[in-house]
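This briefing concerns the contacts between two chains and selected side-chain pairs. Please consult it alongside the sequence and the model.

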Amino acid sequence: MKHFYTLIFILWTTFSFGQIQKLSELSGGELIGSTIVYEENDSHDVYGYFLLYQFNQQSRDIYDFEYVLLDKNLNKITSNTFTEGVYKRFLGRTTVHLGFVKKYKDQLLFEIFDRIYVYNQVSGANTKVGNQRYHHLDLKTLELTPDYVIKQGEPIKRSYKSGARFKKKDFEDLGTLTATNGGGMVYIPDSIKSAYQGGIMDPREFTKGMNKRFFGVIKDFQFLDPNFNLSWKAKINQDEDNLGIYEYAASDQSILVLKKENIEKTAPFSELELFDIKTGKKINSFVNEDPNYKMNEFSIHFNKNQIIIYNMIFSPKEKNIYKYSNGYGYAKIILDKKTGKEVSRKFLKWSDFSKHLDIGENGKIKKYGKIFIENFVPLKDGETLAIAEGYNKRGKTSVKDLYLLKLDADFDINYFEKKEKTETIYKGKMGGASLLSKGNFAYFYGQELDDDGNYVFLCVDNETEGSLKKQEKNPQWSLDFITYVDGEFDSSKLKLTREDSQIVPMKAKKGWVILQKFSEKEGVDMQLERINY
Amino acid sequence: MILEIAMKLLIGILFLFLSLTSSFGQNLVLIDTAKQEVQQNIKTTYQEKVSEQLKKIKKNYSGKVGKEISTVYSEFSESFMDQIDQGNFAYNEEYQKLFDDILAKLADRNPEYSEEIENTNVLLSYGQEPNAYAIGNRIIVIYVPLLKSIANEYELAFILSHELSHNILDHSLQGTVSRIESNYSKSFIKKTRQLKRQKYNKGLDARKAYRNTIYAYTGRTREQEQEADHLGFELFSKAYPNQAYDAVKSLQLLDEIDKETDSLSSSDFKNILGTEKTPLRKDLINNELLNKYHYEKSSKFWEIDSLKTHPDSRARAAYIIDNFDVDSTATGIPSEDFKRLKLSSNFNDVLGLYQLEAYGQSLYQALILSKQYSDNTFLNDLIVKNLQKIDQAKKSYEISKYVSIPSPYDSDSYNTFLYVVRELRNREMKALINHYKTRI
């Protein structure tokens, strides 16, 4: 319990009044972003928290930033300032954003990028992302490198002088890195910008010829180590009749999964390409399709020996596999990590819920609406936990009850529980995918409680009953902890809206939650609290 | 608020009863938290002094500055009175006699300040760290944890002399006036307006200005600390010429005062936080905790020495040696009465921390003491009470209010304790509470 023991006299005042308060406000910064930093192993545990502030503008394009790194108990590890250029454009508005923050052994690598809002006569208002730059923070010496950008696959160090001005070419056509869980970053050259620069066209509306021209020319991708050195390169799009648009899908310490959306309309919609993340050797291509259904992967998980893919399944005639409300249910596909070959494939159709709900093939529940599964959690014994919520988009959209499921190794329901809660109403019509993307479901996040296979789902719910107006005017938020411990579900609740304060929860290390308390009287307070179980 | 005070009253009576009935109770000097009339006396005395002080402020300071000083002083006084109402101040005749005897001797040997000294109230307070402070108005506060850390009554006498000096020199008022006046100075106002209008480098220049302002404040505070050391030694050495070097020792103590004198080992944790039915999980003790992090040792923005409100303790001790003729053999031996008070302060500290709702700290201190006094009913009862409070706090997601998080500034033992207590599951906690209940 170290403190400063001073044998002091007490001043009857603090610093927070008058001119000194004004100085303090002027010298404070604007929070650009904050994020959780995870451990780099497969434990999914929290290492700490990273916060980025912008606190000073030196000249038109040159700004000063400050970062703070906290440990997992919210103790400060380090903080420091640095200077960077921000992309400005005539008649545009630029905002700065924090991208990924990734720990690689004794280094932290973080990304900052700019979002530019411009108006284009052809397409109207649009935004583009650019000026991606990267810093290393050495976690032993706590020294920060200047920023690097990736230009044509090569890292270039940048430096800034106050008053310096930049040209468009200094900021555009920069490469984007994607952090992986395998000790490095993926760089897939992105030629989309050359067509998109003028805001001419939405890439989703590209013709086949345009796709070939802009994406088909990308013949390889790189895996860089944390210092931007090339670890390995792998070939893609070698077959001119089977070209695709590649993007990062998932990874762990041994496997990298890229998703390939095929350009050819006669080809399967998508494939997953599996690579050994240490060597770049291609393990397999897995075509995510089924003779009886169209499929769209929902989430990808890993364990020691397997890759587990949860898909949404649709009618084979379905034209839009992003319209989740048209889904027929889910599929669980297990691949062997070493070979990339399929080990098993199981289905959970809406009709399988008929023992518990009056539900149709397309998931519609009479006089209720539908349910949407938001998260699957594969357990060590081959079972799966799932959490779902009911919703209805007839008339006003509403989010209804919570559902807890446990599925056995065959993906059959062996536990089903409906947890009733207050119906939350939203303006406009929103289906499951929209509700999910806008964060309108009560489900907040799920996390392992410990290393013993225990789990928790956190749900934030507005408990005000009645009309949309009532709910918006006087929300009463509560936090539900739904734990799965030693094979049993249990739950407890915490009131978030208090008389004189509002608490906002935030993910913390395993078994814990951060509660950020905002009150007019006491300001902001962050507490790290143990989840009860 | 009334319910809280009533609860504290009941707990105080209960502990007094337990302490007197335990076989150890007769040797300990335990604080009586039940004397409400004592709390009321403190409050009445303080209110009188506040009233006098406000009149003086109104008389001597006018305009915006005067108004600000009155406002700030009133707010501070309200906060101090809240502390009284919350029962943070304690009373015991033996402790009070110790303070009064010291004051009497200081007054007798320093006639020019006798009136100030004789009319000073020394209040004993529960606290979370070994410290003491002066608030002006002839009031000094001594924290219970300080009394378990010092070697003898002579070190206490110097500490009291130092705090008396702050009051004699009116440092609280002067420091406040100085800050408020600088806040309203034309140059300061001009500076902040200019910064607001600046287009570029506003943030950077505001930070520099803020930092320099803080340095000016802390610089002045360090000067005042040295003035109090100087006058304090003069007062002390006249009253205790044969123990003058104890003043130097008490300053040197400040470097060591927060180091643990005892701690909990791995086997201690297993024995005291595990039970037969729920043995302590190995992973709780063998945890990495904070070892994997490399924490920043110094701030890049602040110069730590400029930020300190007091000079370095070695510098303070050296100042006394350099400016006064001090015989290094002039030290005292603690009396038996003091030794008893010092030992008792360990137990009173546990109770005090509980009263302050610092249940984590209270439990930790109780567990350390229980290594030597495992059959002590008073301690075992406090262990149960602290565990129950922590359990309640966990269930209502408020444990951080009462139990700290592990910190790089704390010892490994304390950090391990905090980690274990926070990680205990519901059934483990329940088993532990039941286990200690059997010991009462």
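Chain B and chain A bury about 6900 Å² between them, 58% of it on carbon and sulfur atoms; buried area is the accessible area (1.4 Å probe) that two parts lose on being put together, summed over both. This is a predicted model, in which local features need pLDDT of at least 70 and side-chain atom pairs count only at pLDDT 80 or more, while totals for chains, interfaces and linings use all residues; side-chain values use heavy atoms, without hydrogens and water. Residues are numbered from 1 along each chain as its sequence is written, with chains lettered from A and ligands numbered from 1 in the order in which they are written.

**Interface between chains A and B**

- On chain B, 81 residues are in contact (heavy atoms within 4.5 Å) with 61 residues of chain A.
- Between the two chains there are six salt bridges (a side-chain nitrogen of Lys or Arg within 4 Å of a carboxyl oxygen of Asp or Glu).
- One salt bridge joins the side chains of A:Glu39 and B:Lys292, at 2.5 Å from N to O.
- Helix 10 (residues 202-239) of chain B supplies the largest share of the side of chain B that touches chain A, 13 residues; helices (H or I, at least four residues) and strands (E, at least two) are DSSP runs, numbered from the N terminus.

**Aromatic pairs**

- Over all chains, the structure holds 52 aromatic pairs; rings of Phe, Tyr and Trp (its six-membered ring) pair if their centres lie within 6.5 Å, and planes under 30 degrees apart count as stacked, over 60 as edge-to-face and the rest as tilted.
- The ring centres of A:Tyr47 and B:Tyr293 are 4.9 Å apart and their planes stand at 45 degrees, so the pair is tilted.
- Because A:Tyr47 lies in strand 3 (residues 46-57) of chain A and B:Tyr293 in the loop between helix 13 (282-285) and helix 14 (304-307) of chain B, the pair joins two chains.
- Both A:Tyr47 and B:Tyr293 are buried, where buried means under 20% relative accessible area, exposed over 50% and partly exposed in between (1.4 Å probe, protein chains only).

**Salt bridges**

- The structure holds 49 salt bridges over all chains.
- A:Glu84 and A:Arg133 form a salt bridge, with the closest N and O atoms 2.7 Å apart.
- A:Glu84 is in strand 5 (residues 76-85) and A:Arg133 in strand 8 (residues 124-138) of chain A, so the pair ties together parts 49 residues apart in sequence.
- A:Glu84 is buried at a relative accessible area of 0%, and A:Arg133 also counts as buried at 0%.
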